[in-house]
Amino acid sequence: MGHIQQHAEMDVDGSMLVEGMPGVGLVGKIATDHLVEEFDMELYGTVHCDSLAPIGVYHEGERGILPPVRIYAAPDEDLVALQSDVPVNSAAVAEFADCLVGWLEDENVTPIFLSGLPAEKSGVPELFGIATGDAGGLLDELDIDLPPENGVVSGPTGAFLNEAGEVGLDGVGLVVQSNERFPDPEAARVLIEHGIGPLTDIEVDISELVDHAEEIRKQKEQLAEKMREAKEEESSKAQPLRMYQ
């Protein structure tokens with residue numbers, strides 16, 4: 001049975017969660033990793049599901065071992081982040097979605113789900129928003145674009161959206177045009193600057209994403225390669241409905 005093990009006493013009631021599962025362009029992961037580092041977010045809890053990869057993750061300069069999927073919090077910013085270092089096995093997706101959405105409901109946390117849309121970009125990547133429950137009004141207030149065509153979100157992020165919609169949880173999905181083959185810090189920057197920042201009402205320094213884009217791409221390339229090798233259902237991805245059918 002999936003569960004979230006709490007490691008720190010922090011009040012996250014009323015916060016917004018940014019979801020950073022690996023997917024197309026690693027846009028969600030790059031954006032979420034940046035927020036965790038920028039706000040020096042503290043480990044709140046770890047996610048445990050039977051089908052999640054049973055591995056230990058260690059970080060540069062630290063002795064401790066952590067599970068691959070974790071929740072961080074910055075209570076002063078009313079901000080929570082879901083961080084994952086590995087793709088989620090397709091067998092774990094349904095259990096994982098049920099576990100996470102149940103926790104979001106219990107803690108009164110509003111999720112912001114992130115996904116990349118494979119596209120040949122010209123200029124600034126385009127961003128649009130979708131919603132579950134009554135969260136569409138948040139997108140309307142900020143003039144975040146409507147979807148330009150029919151489409152689907154697959155992988156873990158799609159499962160989260162599906163579960164949130166099923167239980168009526170207010171949630172937002174941000175979809176940004178992204179490079180399908182390589183990590184895309186530019187698309188992650190657009191997510192933060194034009195989506196996450198306005199929705200959470202926080203100011204985020206994105207200069208690192210701009211100034212060190214090439215370095216970030218190289219750091220994330222190994223995970224991106226694993227995502228390309230992973231099964232379709234293990235990678236969060238938005239795509240036009242005509243390509244899904």
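User: What is the relative accessible area of aspartate 85?
Analyst: The value for aspartate 85 is 22%, so this residue is partly exposed. Buried means under 20% relative accessible area, exposed means over 50%, and partly exposed lies in between, with a 1.4 Å probe and protein chains only. The areas come from the Shrake-Rupley method with a 1.4 Å probe, and for residues only the protein chains shown count as cover.

User: What sort of model is this, and how are residues numbered?
Analyst: This is a predicted model, in which local features need pLDDT of at least 70 and side-chain atom pairs count only at pLDDT 80 or more, while totals for chains, interfaces and linings use all residues. Residues are numbered from 1 along each chain as its sequence is written, and side-chain values use heavy atoms, with hydrogens and water left out.

User: Which salt bridge does arginine 70 form?
Analyst: Arginine 70 pairs with aspartate 85, and their closest N and O atoms are 2.8 Å apart. This pair links distant parts of the chain, 15 residues apart: arginine 70 is in strand 4, and aspartate 85 is in the loop between strand 5 and helix 2. A salt bridge here is a side-chain nitrogen of Lys or Arg within 4 Å of a carboxyl oxygen of Asp or Glu. Helices (H or I, at least four residues) and strands (E, at least two) are DSSP runs, numbered from the N terminus.

User: And is arginine 70 buried or exposed?
Analyst: Arginine 70 is buried, at a relative accessible area of 0%.

User: Which residues are linked with it in a network of salt bridges?
Analyst: The network links Lys29, Asp33, Arg70 and Asp85. Lysine 29 also forms a salt bridge with aspartate 85, with the closest N and O atoms 3.3 Å apart. Lysine 29 lies in helix 1 and aspartate 85 in the loop between strand 5 and helix 2 (93–107), so this pair ties together parts that are 56 residues apart in sequence.

User: How far apart are the closest N and O atoms of lysine 29 and aspartate 33?
Analyst: They are 3.0 Å apart, in another salt bridge. Lysine 29 and aspartate 33 are four residues apart in helix 1 (residues 27–38), and are therefore separated by about one helical turn. Lysine 29 is buried at 4% relative accessibility, and aspartate 33 is buried at 14%.

User: How many salt bridges are there by this rule?
Analyst: The count comes to six.

User: How many residues of helix 1 are buried?
Analyst: Of its 12 residues, 10 are buried, so helix 1 is largely enclosed by the rest of the structure. Among them are Val27, Ile30, His34 and Val36.

User: Moving to the backbone, which residue has a positive phi although it is not a glycine?
Analyst: Leucine 26 is one of them, with a phi of about 50 degrees. Most residues other than glycine have a negative phi. Leucine 26 is found in the loop between strand 2 (16–20) and helix 1, and at 0% relative accessibility it is buried. Asparagine 108 also has a positive phi, near 55 degrees. Asparagine 108 is in the loop between helix 2 and strand 6 (110–118), and is partly exposed at 45%.

User: Where is glutamate 77?
Analyst: Glutamate 77 is in the loop between strand 4 (69–74) and strand 5 (79–84). This residue is partly exposed, with a relative accessible area of 31%.
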